[in-house]
Amino acid sequence: MTGQRDVAPAGNPKAELPRRETATCAAAEPRAESAGCGSQGGKRFIDDYLGYLLGQANHALFKDFEAAVRAAGLGSLEWRVLATLSGQAPMPVGQLAHEVLSQQPTVTKLVQRLAAQGWLGLRDDPTDQRRTLVQITPTGQRKIAPLIQKSREHEARVLVDLDEFEIRRLKHQLRQLTRFR
């Protein structure tokens, strides 16, 4: 009902407020074809914005896999830390925080907790005594290995409609985008 207005409550300096569009218009049509929806008469900015699309793809990918992470007794950040360190040489906590997309103080606390559980090992960096190196322990590797296998199976199900070339190309392009940091 574009064009209709709601009357503002008495005493409000705004005499009339525009009526909000309802979600039914967008829900009734696929996003790419919703040109008639909304006051702009075209696609929404976010429907073609790379950052939004990548975020939505990440959310869609992880929301289905999150149940397996939770069933393993892990949170999403714990999963990312253990998966990142799996098969990896010891790395500084700062680099780990960068790779798991979290703040260093948050990762430092988590690393300390995971080390107390025996899943991670900590040691001083021999080249810089101010830095701590972190690595996964055999216990941590046993904890994360089944989940890594489940993540590979989940990824295969998500990408089932793409051929091997498309999968390699997609991953290559995503890796290229990360170089813009």
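The chain contains 7 helices and 5 strands in a model that is predicted. In sequence order, these elements follow the pattern β-β-α-α-α-β-α-α-β-β-α-α. The chain has 181 residues, of which 24% are classed as buried. Its accessible surface amounts to about 13,000 Å², and carbon and sulfur atoms account for 54% of that area. Of the contacts between residues at least 6 apart in sequence, 38% link residues that are at least 24 apart.

An open sheet is formed by 3 strands, arranged in the order β3-β5-β4 with antiparallel pairing. Strands β3 (91–92) and β4 (120–125) lie at the edges, each pairing on one side only. In general, the strands of a sheet pair through backbone hydrogen bonds, in either a parallel or an antiparallel manner. Here, β3 is joined to β5 (residues 128–136) by 2 bridges, and these two strands run antiparallel. M91 has V134 of β5 as its bridge partner. On the other pairing, β4 and β5 are connected by 6 bridges and also run antiparallel. A hairpin of 2 residues links β4 to β5. Within this pairing, L122 is positioned opposite V134 in β5. V134 therefore faces a partner in each of the two pairings, being the bridge partner of M91 and standing opposite L122, where strands count as paired if DSSP finds at least two bridges between them.

Helix α3 (residues 76–85) lies across β3, β4 and β5, and runs at about 95° to β5.

The largest nonpolar core comprises 25 residues, among which V81, L96 and L120 touch the most other members. At least two residues of this core are supplied by each of α2 (50–71), α3, α4 (93–99), α5 (104–116), β5 and α6 (138–158). The greatest contribution comes from α3, which provides 5 residues. In soluble globular proteins, nonpolar side chains tend to be buried together.

The surroundings of L96 can be listed individually. With residues up to four places away in sequence left out, L96 touches V81, T84, L85, M91, V107, V111 and V134. Among these contacts are M91 and V134, which are bridge partners in the sheet. V81, another contact of L96, is, like L96, one of the residues that touch the most other members of the core.

How values were computed. Residues are numbered from 1 along each chain as its sequence is written. This is a predicted model: local features need pLDDT of at least 70, side-chain atom pairs count only at pLDDT 80 or more; totals for chains, interfaces and linings use all residues. Side-chain values use heavy atoms; hydrogens and water are left out. Helices (H or I, at least four residues) and strands (E, at least two) are DSSP runs, numbered from the N terminus. Contact means heavy atoms within 4.5 Å. Axes are lines fitted to C-alpha atoms, for helices over the stretch in contact, and angles run from 0 to 180 degrees between N-to-C directions. Buried means under 20% relative accessible area, exposed over 50%, partly exposed in between (1.4 Å probe, protein chains only). Accessible areas come from the Shrake-Rupley method with a 1.4 Å probe; for residues, only the protein chains shown count as cover. A nonpolar core is a set of buried Ala, Val, Leu, Ile, Met, Phe, Trp, Tyr and Cys residues joined through side-chain atoms within 4.5 Å.
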